[in-house]
Amino acid sequence: MCASLLLDSEADLGGDGELFMEQAVSAASNLIQALLMNRSRCRRRLRRGLEDWGNLYQHGLNADNSPQFQAYMVVHGWTWANEHPGDIAGPLATWVEVETCSVMLAHLLMGFELSLYEPADYAMVYWYVDLLGMVWQQGSKHLQEQQPALITTPGPTHKKGSSSSSSTAAGLGGAKLPSKASAKGSKAAAAAAAAAKAAQQQQQQPTKHSSSSSDAHLHSSGSSKPEWLLSNLILEAQRQLAMGTLRLMMALPLLELYKHPELPFNSEAQRFDQRFAAFHSLQRPEPLVYEQFVTSTSVEGVEPVQLLRLAGESFKRAQQACGVALKGPSSLPISQQQQLDLKAMDRVAATNGIAVMLLARTAASSSSSSNGTAAAGGMGAAAAKPAAAGPQLKPHYEFAVSKNFPTLTLKSAAAAATAAR
């Protein structure tokens with residue numbers, strides 16, 4: 001989007017618009033420099049650069065509401081409709097929010113690659129990854145639907161309009177169960193798959209200069225933008241893996257397979273603040289607090305089998321997104337590294353899906369045995385406790401396949417003790 005403005009030599013954006021473009025180029029160049037460094041320095045530069053993106057968001061708000069940029073949008077037939085009436089953010093500020101999400105996601109996921117997190121941190125990090133991914137998908141979809149094509153001479157453009165997806169607050173439901181986030185993730189994966197299928201069908205057909213009205217809805221989500229489609233598929237796979245892993249981690253304590261360790265130096269709330277302290281200075285995406293994490297991941301009244309079922313569904317959707325990206329049309333600009341990452345995520349989702357099925361079967365059989373014993377012996381108190389998946393299983397997380405998402409291995413307690421010696 002900003003590239004379109006830079007290439008439009010006749011654009012008169014006014015003082016606020018020119019200042020925004022200057023700062024946007026500076027932020028983008030700093031981001032490119034950071035990505036060329038080693039992973040440790042890159043992560044540190046990304047964290048420090050968040051202050052620049054925060055300032056750029058304010059510049060974007062000023063430029064969006066400047067008379068010159070509003071006139072530019074009118075000349076080019078570009079309309080912008082916010083989902084919330086009180087929201088003054090326009091396309092420039094929205095673009096900044098999307099790019100800021102990308103920086104924050106890279107910062108969080110690199111922490112796994114550099115082994116900076118303790119197992120006690122995994123749940124909160126994946127919870128934050130899910131939310132940031134949803135904000136990115138909503139903002140980028142809004143941009144793709146409503147931005148016009150690059151115009152170098154004044155003239156109207158065709159408006160691709162439809163309202164964006166659900167509000168940011170709904171992202172907290174990604175970990176709160178039962179929730180609507182699983183349905184939203186399923187719709188996002190289905191939309192991405194449909195868009196890729198439509199692009200593949202277009203590639204197989206002769207080139208046309210115009211599209212029929214019946215095909216208009218296929219392009220409303222930006223399927224004509226291969227780069228955006230590929231990024232959306234990759235992020236969808238990451239989101240579903242994050243949600244599946246989080247739900248799996250929430251189920252293990254209920255199955256008596258994992259006990260949250262006692263933190264010797266600081267509380268979980270303090271660790272949350274430390275992990276995401278760099279995000280607190282940002283205006284958008286809106287920083288999250290520990291109380292939101294606790295509320296969203298509460299398992300009160302939730303059965304472990306339900307958590308495992310939802311985790312399995314997330315892993316299946318992750319595989320679907322990976323499959324669409326890997327087997328999609330050749331127009332998708334996928335690199336060799338992206339192929340490797342997608343294949344690794346696909347393997348992690350498949351492996352964890354099998355582990356979830358094994359845990360669900362073991363939990364169901366343990367629950368049946370527990371209920372039968374309680375009925376025979378009148379052990380009502382014992383029956384009220386969560387059914388353990390069996391003392392013979394010991395979970396272990398490994399990052400051998402993917403650097404950012406672990407595979408869950410289930411070993412017998414005897415084998416785990418032998419391996420530890």
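Predicted model: local features only at pLDDT ≥ 70, side-chain atom pairs only at ≥ 80, totals over all residues.
Student: What makes the length of helix H8 agree with its residue count?

Tutor: Start with residues 226–254, the 29 residues of H8. At 1.5 Å a residue, H8 should span 42 Å. The end C-alpha atoms of H8 are 43 Å apart, which agrees.

Student: Why is H8 called largely enclosed?

Tutor: Buried means under 20% relative accessible area. In H8, 25 of the 29 residues are buried, so the rest of the structure largely encloses H8.

Student: Which residue with a positive phi follows H8?

Tutor: Glutamate 256 does, and its phi is near 60°.

Student: How are two packed helices described?

Tutor: By the angle between their axes and the distance between the axes.

Student: What makes H6 and H9 oblique?

Tutor: Helix H9 covers residues 268–275, and the axes of H6 and H9 cross at roughly 45°. Roughly parallel needs an angle under 35 degrees, and roughly perpendicular needs 65 to 115. The angle of roughly 45° falls in the rest, which counts as oblique. H6 and H9 are therefore oblique to each other. Their axes come within 10 Å. The crossing of H6 and H9 is right-handed.

Student: How do you know how H5 runs relative to H6?

Tutor: Use the angle again. Helix H5, residues 91–113, packs with H6 at about 155°. The cut-off for roughly antiparallel is over 145 degrees. So H5 is roughly antiparallel to H6. The axes of H5 and H6 are 9 Å apart, and their crossing is left-handed.

Student: Why is cysteine 101 called buried?

Tutor: The limit is under 20% relative accessible area. Cysteine 101 has 0% relative accessibility, so cysteine 101 counts as buried.

Student: What makes cysteine 322 buried or exposed?

Tutor: Cysteine 322 has 0% relative accessibility, so cysteine 322 counts as buried.

Student: How many disulfides are there?

Tutor: A disulfide needs a pair of cysteine sulfur atoms within 2.5 Å. By this rule the count is zero.

Notes
Residues numbered from 1 in each chain as written. Heavy atoms only, no water. Helix = DSSP H or I, 4+ residues; strand = E, 2+ residues; numbered from the N terminus. Expected span 1.5 Å × (residues − 1). Buried < 20%, exposed > 50% of the residue type's maximum accessible area, 1.4 Å probe, protein only. Axes fitted to C-alpha atoms, helices over the stretch in contact; angles between N-to-C directions. Left-handed = near helix turned anticlockwise from the far one by under 90°.
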